[in-house]
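This report describes selected features of a protein structure, taking one topic at a time. The structure is shown first, and the discussion follows it.

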Amino acid sequence: MLCYAPRMGEVTVAPGSQASLREANTARVVDALKQYGRLTQVEIASATGLSPATVSNIVRQLLSERAVETTATTRSGRRAQQVNLVRSSSMAIGVHIGPRAMDLTLTDTTLDAVERLHLPLPADHRFDTTLDRAALLTAEMADASGAGISDVAAVGVAMPSSLRRGPNGFVGLDAWEDIDVAAVLGTRLGRKVVVAREVDAAAVAEARLGSLKGVGLGLYVRVGESTDSAVVSEGTVLRGAPGIGHVQAQPAGAICRCGGRGCLNTLTSIQAMQELLRISHGALQLRDIVQLANRGDRGCLQVIRDVGQAIGVAIGDVASVIGPDAIVVGGPLAATGEALLRPIREALASRPVLPDSGELLVASVLDGDIESLGVSALAHDSVDQPSVRER
Amino acid sequence: MLPLLQVRGVHKYFGGVHALEGVDFEVGAGEVVGLVGDNAAGKSTLARIIAGVYRPDAGDVLLEGKPVQIASPKMALDLGIATVFQEFALVESLDVVSNLFLGREIVHRGLLARDEMERLTRSYLRQLNSRIPDVHVQLQTLSAGQRQCVSIARALVTDPRIIVLDEPTASLSVAQTAEVLQHIERLRDMGLGVVFIGHNLSDIRAVADRIEVLRHGHNNGSFPAGSAKQEDLLAAITGAARYPSRAPA
């Protein structure tokens, strides 16, 4: 079956010609279907601004190419044709469960994000409620996209790294120590569930679809509630290390949650940032700090600069040891852009033995929740249908 | 910073029933305040006083520090207070654009400004990150989650500073709840003061900054949402714990 994925940059006909206009309009229809899932032709016309006649012609052509399929439905008491993109029959769902939110991404084997969902969660959300909701959302997302739950071959769950080895490895939320997420969710959904650290999942997404694609040795650093890292070699994430968050940043520093002294996390974790901002700003969440920084709040920008400096030093140390070809800095705090990246770049530039920091440090180009995207790729892998490594 | 809205020592009687006994409440700009309590705790009564449906029998309501008398729902709207009640107040057989501007249609020289209303409708829906593709479909074809989005968008038409949501996630699926919770986060990001009345503590704790508990018509605790434990909130709601003053718990 053909998966229609036209890209706007690949028009090969003369711009302005009838044929190029047709291609552009077809791309608009496909984009609308990607965004909303299933639409009737009238809805497509409204969403794209194209005339019903144009939409009808385009849909007829896409049908003949087997890029879309139609199902009968009713609208306002009239029969209508609902159109949806044809997907390869094997889908996977990636679930990223963090301390304050859950993100789901439904992908096909080309790792196209068919459907995405974001659910805010309370501070100490319970494993049974959250996993129950994850199961319900999985089924709802599958239905909304035009596939069914039976088309979902596997599920992946990405969670923060953990200092203790739990039933699923060194991964899990604080209060979920003894919970075997793979078993609980696997039983609920009747499907294979793979569990991975969120930083590894994000690195997989970058390696398959993003800025680490085709890179021999890549370093991915995730700056969020804590700082974590993953090393990607020839497209595969190397597992098993505690991560850059436990590099010693201050020999006489504070005690880390791991018990060690002066770990990078004691300077860069959300708790460290909250402490610095408590008197001036009161209690702030990570998303508040990001938002305030993006609006120019000087206190938050100062704290982020300090965090960037500390991380930059640590990345410089790691880079001197492993010599990566590319370094990507991602995670929630990376949404502040240059506020976080500039001090890191400057720290790397101050190391004469490292290559030009401007080329070494690359921005992430993926948007949306990439942890759930990456863990859905691992889920595809687990059913012996390796997701496409080159698109 | 002065709160946008303050309710101080408000009492309300219905016949012999003392529905609200000296209740305090406040909400600031860019803040989501959860209002929780059992049935008959007084949440809806308080919401209706803020919305101008009822008038308090005693106590003060202040807007940016200045005492006001919210004499009617229209006056509440004029003061910048919009309310979305559970019953939706939408017309099923009209389309999304018409519902958004029902009763407040934009008119130029006696003619409906259809294009402008349509453009504004799309703009409000986009601000809320809505997934409604066609603004010309009748409301009855939309799902419950999408209708909730239209209700919230309708409240934005009057350019409010405060928006009161009464049970916005009741009878919604998990995916629809996720959408509405995101809309609420967007409202806060837009700088509005949001009052989130509900029963589902998970949903409220997911997006609120602070949670106020009412019990049998009086305050029973004020909790910062980030650190409040579910058990403490339940204890306050059910009366297992008592918080006589509204000092932060």
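## The four-stranded sheet of chain B

The model is predicted. In chain B, four strands make up an open, antiparallel sheet, arranged in the order 2-1-4-5. Its edges are formed by strand 2 (17-27) and strand 5 (66-67) of chain B, each of which pairs on one side only.

Strand 1 and strand 2 of chain B are antiparallel and are joined by seven bridges; one of the bridged pairs consists of B:V7 and its partner B:F25 in strand 2. These two strands form a hairpin in which two residues separate them, and B:G15, located in the turn, has a positive phi of about 60 degrees. Strand 1 (residues 5-14) of chain B also pairs with strand 4 (residues 58-63) of chain B, in the antiparallel sense and over five bridges. Here B:H11 has B:A58 of strand 4 as its bridge partner.

## The six-stranded sheet of chain B

A further open sheet in chain B contains six strands in the order 6-9-10-3-11-12, with mixed pairing. Strand 6 (81-84) and strand 12 (218-224) of chain B have a single partner strand each and stand at the edges, so one side of each is left without a neighbour in the sheet. On average, and with direction ignored, neighbouring strands of this sheet are turned by 20 degrees against each other.

The bridge partner of B:A82 in strand 9 is B:I163.

## Helices lying across the strands

Helix 1 (residues 43-50) of chain B lies across strand 3 (31-36), strand 6, strand 9, strand 10 (193-197) and strand 11 (210-215) of chain B. Relative to strand 9 of chain B, helix 1 runs at about 150 degrees. This helix is mostly covered, with seven of its eight residues buried: B:K43, B:T45, B:L46, B:A47, B:R48, B:I49 and B:I50. After helix 1 of chain B comes B:G52, which has a positive phi near 85 degrees.

Helix 6 (residues 174-189) of chain B lies across strand 3, strand 9 and strand 10 of chain B. Its direction is at about 150 degrees to strand 10 of chain B.

## Domains of chain A and one interface

The domain assignment divides chain A into domain 1 (18-85), domain 2 (91-202) and domain 3 (213-362). Between domain 2 and domain 3 of chain A, the C-alpha centres are 25 Å apart. Eleven residues from domain 2 of chain A and 13 residues from domain 3 of chain A take part in the contact.

The size of an interface is often expressed as the accessible area lost when the parts come together. For domain 2 and domain 3 of chain A, the buried area is about 1000 Å², and carbon and sulfur atoms give 51% of it. Of the area that domain 2 of chain A buries against domain 3 of chain A, 44% is supplied by A:L163, A:V199 and A:D200, more than by any other three residues.

## Helix 4 of chain A

Helix 4 (residues 127-144) of chain A contains 18 residues. From its first C-alpha to its last it reaches 25 Å, close to the 26 Å expected at 1.5 Å a residue. Its buried residues include A:T130, A:L131, A:R133, A:A134, A:A135, A:L137, A:T138, A:M141 and A:A142. The helix is followed by A:G146, with a positive phi near 100 degrees.

Why does A:V223 count as buried? Its relative accessibility is 0%, and buried means under 20%. A:V223 is part of strand 11 (residues 217-223) of chain A. Not counting residues up to four places away in sequence, A:V223 touches A:V307, A:I311, A:V329, A:G330, A:G331, A:P332, A:L333, A:A334 and A:L340. One of these, A:I311, is 88 residues away along the chain, and its C-alpha atom is separated from that of A:V223 by 8.9 Å.

A:S269 occupies the loop between helix 7 (265-268) and helix 8 (270-281) of chain A. A:S269 has a relative accessible area of 9% and is therefore buried. With neighbours within four places in sequence left aside, A:S269 is in contact with A:E225 and A:S226.

Note on methods:
Residues are numbered from 1 along each chain as its sequence is written. Chains are lettered from A and ligands numbered from 1 in the order in which they are written. This is a predicted model: local features need pLDDT of at least 70, side-chain atom pairs count only at pLDDT 80 or more; totals for chains, interfaces and linings use all residues. Side-chain values use heavy atoms; hydrogens and water are left out. The expected span of a helix is 1.5 Å times one less than its number of residues. Buried means under 20% relative accessible area, exposed over 50%, partly exposed in between (1.4 Å probe, protein chains only). Two strands pair if DSSP finds at least two bridges between them. Axes are lines fitted to C-alpha atoms, for helices over the stretch in contact, and angles run from 0 to 180 degrees between N-to-C directions. Contact means heavy atoms within 4.5 Å. Domain bounds come from an automatic or database domain assignment. Buried area is the accessible area (1.4 Å probe) that two parts lose on being put together, summed over both.
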